[in-house]
Amino acid sequence: MNKYFLDLGYQPLANKFLKKYKKKQNKYKLKLYFNTKNKLVSISKRIPSEKMFDNKYPYRSSMSLTMRESFKKLSKEIKKKFRPKLMLEIGSNDGALIKNFKKENVIGIEPCKNLARHTKNKGFVTYDNYWNFKLSKKLKSKHGEFDLIYSANTLTHISNLKEVFISIKHLLSKNGILIIEDPSLIECLKKTSYDQFYNEHIYLFSAISLKNILKEFNLEIFDIKNLKTHGGSLRYYIKRKNNKKFNQTLRLKDQFKREFKYGLDKLQTFKNFASKSYKSKIKLINILRKIKRMKKKVLGYGATAKAVTILNYCNINEDLIYNFTDTTPDKINKFMPGKNIKILKYKKKILNKYDYVFLGAWNFKNEILKKEKRFKKRGGKFITHVPYPRLF
Ligand code: TMP
């Protein structure tokens with residue numbers, strides 16, 4: 001049932017930024033599969049959550065204006081449309097969403113203790129545990145049922161999807177709403193952004209595959225929104241099947257139509273994506289090599305997990321991208337996983353020392369271009385690999 005379609009080579013843990021470059025960092029084969037029955041795309045190798053989401057997890061959602069604004073907008077919508085008395089966020093990170101709610105109305109789950117601390121310190125009830133049935137039972141006995149459960153970029157990071165949804169159903173009130181948000185498979189394919197895959201992203205949902213999965217739990221999607229975040233995400237609005245309060249929206253029907261038309265239910269579509277990814281790799285390497293021959297220097301902008309996939313799949317080393325820069329405190333002065341490329345602290349003037357900037361955080365392109373107008377004015381050029389490798 002699971003058919004192989006793309007090999008992204010050996011990849012280190014995408015968020016393990018090391019203080020010292022180690023030539024021998026643990027790497028794991030990253031192969032992608034398509035399930036011909038439920039149409040779910042997944043990676044083969046499953047790394048235990050404890051190895052990836054520990055007390056040093058560096059990614060912070062509130063580090064970018066785009067994400068802060070997206071969560072603020074969503075919180076307004078939730079309050080207006082669903083008015084939850086009690087809401088749960090699974091994977092609350094540093095609180096970018098829950099800080100928009102009253103403390104008595106929201107509970108966060110965040111297994112990375114360094115992140116959970118941010119919301120705990122601000123007085124929000126936060127459980128620093130992994131999402132599983134045991135935790136769900138504990139929450140029910142302490143707080144009762146929840147009328148809204150939200151999770152962004154988290155459920156696809158958990159290997160046992162069956163336990164994920166059983167645990168959610170256990171806590172969701174009769175008319176409760178589940179909202180989940182994750183990168184969109186169709187957008188990933190359209191943009192040839194093979195870098196959406198790394199060891200944390202075990203699954204990449206489409207509306208088609210999620211519908212098939214939810215069926216087993218008597219849950220169903222009733223609405224969907226296309227978002228610009230994370231390079232194109234989908235926000236799914238889900239309810240119990242017997243909740244007749246909400247009907248399937250036109251937007252959702254359109255999404256299904258679009259996905260079927262693009263072929264998200266066919267293995268061949270993924271085989272085509274694999275060959276496009278390989279061509280994208282060759283083109284990007286050629287661009288970087290040409291710049292190297294001109295003796296110009298490239299800076300990577302945004303030390304993202306996505307960039308880790310690119311560097312290791314394309315075997316890009318410091319001769320092609322000299323440094324990265326990032327605003328996240330826990331990434332600064334460390335090395336890009338698997339590569340001897342140092343991450344420097346972001347300062348406005350840092351770009352002055354480079355001729356080219358490679359967009360590691362291409363999903364924040366607009367935010368970055370707005371911030372770095374001076375670089376372009378003085379003749380600096382950006383490099384991106386989406387939707388195809390090019391300079392601009
Ligand atoms: P993400 O693509 O996984 O959300 O990660 C974005 C990374 O890029 C995160 O480490 C923060 C970093 N970043 C900057 O350093 N400067 C910026 O202006 C933006 C938007 C992001």
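The model is a predicted one.

**Stop 1: the ligand and its shell**

Select the ligand and display the residues around it. How many residues surround the ligand? There are 16, and the closest are K306, D326, K331, N363 and K371. By class, this shell consists of 5 nonpolar, 6 polar and 5 charged residues. Next, colour helix α11, which spans residues 365–371. This helix gives the largest share of the shell, namely 3 residues.

**Stop 2**

- D326: an N or O atom of its side chain is 2.8 Å from an oxygen atom of the ligand.
- N363: a polar atom of its side chain lies 2.9 Å from a ligand oxygen atom.
- Y59: the distance from a polar side-chain atom to an oxygen atom of the ligand is 3.0 Å.

On its own, the ligand has 480 Å² of accessible area, and the protein covers 96% of it.

**Stop 3: the second largest pocket**

Rolling a probe the size of a water molecule over the atoms shows where empty space is left. The second largest pocket has a volume of about 900 Å³. To find its centre, select T66, K228, T229, N363 and N366, which are the closest to that centre among the 30 lining residues.

Of the lining, α2 supplies the largest share, with 7 residues. The lining comprises 7 nonpolar, 11 polar and 12 charged residues.

**Stop 4: a sheet of 6 strands**

Switch to a cartoon view and follow the strands in the order β14-β13-β12-β15-β16-β17. They form an open sheet of 6 strands with mixed pairing. Its edge strands, β14 (342–345) and β17 (390–391), each pair on one side only. Select β13, residues 323–326, together with β14: the two pair in the parallel sense over 4 bridges. Within this pair, T325 has L344 of β14 as its bridge partner. D326, seen beside the ligand, falls within the residue range of β13.

**Stop 5: a sheet of 4 strands**

Move to the open sheet with the order β1-β2-β3-β9, in which 4 strands show antiparallel pairing. Here the edge strands are β1 (2–12) and β9 (203–204), and each pairs on one side only. Select β1 and β2 (residues 27–35); these strands run antiparallel and are joined by 8 bridges.

**Stop 6: two details of the backbone**

Most residues other than glycine have a negative phi, and most peptide bonds are trans. Two places in this model may be examined with that in mind.

Is the peptide bond from V386 to P387 cis or trans? This bond is cis, with omega near -5 degrees. P387 is located in the loop between β16 (381–384) and β17.

Finally, select N218, which lies in the loop between α7 (207–215) and β10. Although N218 is not a glycine, this residue has a positive phi of about 60 degrees.

Notes
Residues numbered from 1 in each chain as written. Predicted model: local features only at pLDDT ≥ 70, side-chain atom pairs only at ≥ 80, totals over all residues. Heavy atoms only, no water. Near = heavy atom within 4 Å. Polar contact = N/O pair within 3.5 Å; in protein donor to acceptor, adjacent residues only side chain to side chain. Areas by Shrake-Rupley, 256 points an atom, 1.4 Å probe, with all protein chains shown as cover. Nonpolar A, V, L, I, M, F, W, Y, C, P; charged D, E, K, R; others polar. 1 Å grid on protein atoms, 1.4 Å probe; cavity = no way out; pocket = protein on both sides within 12 Å on 5 of 7 lines; lining within 4 Å. Points joined across faces, edges and corners; volume = space filled by probe spheres on them. Pairing = 2+ DSSP bridges.
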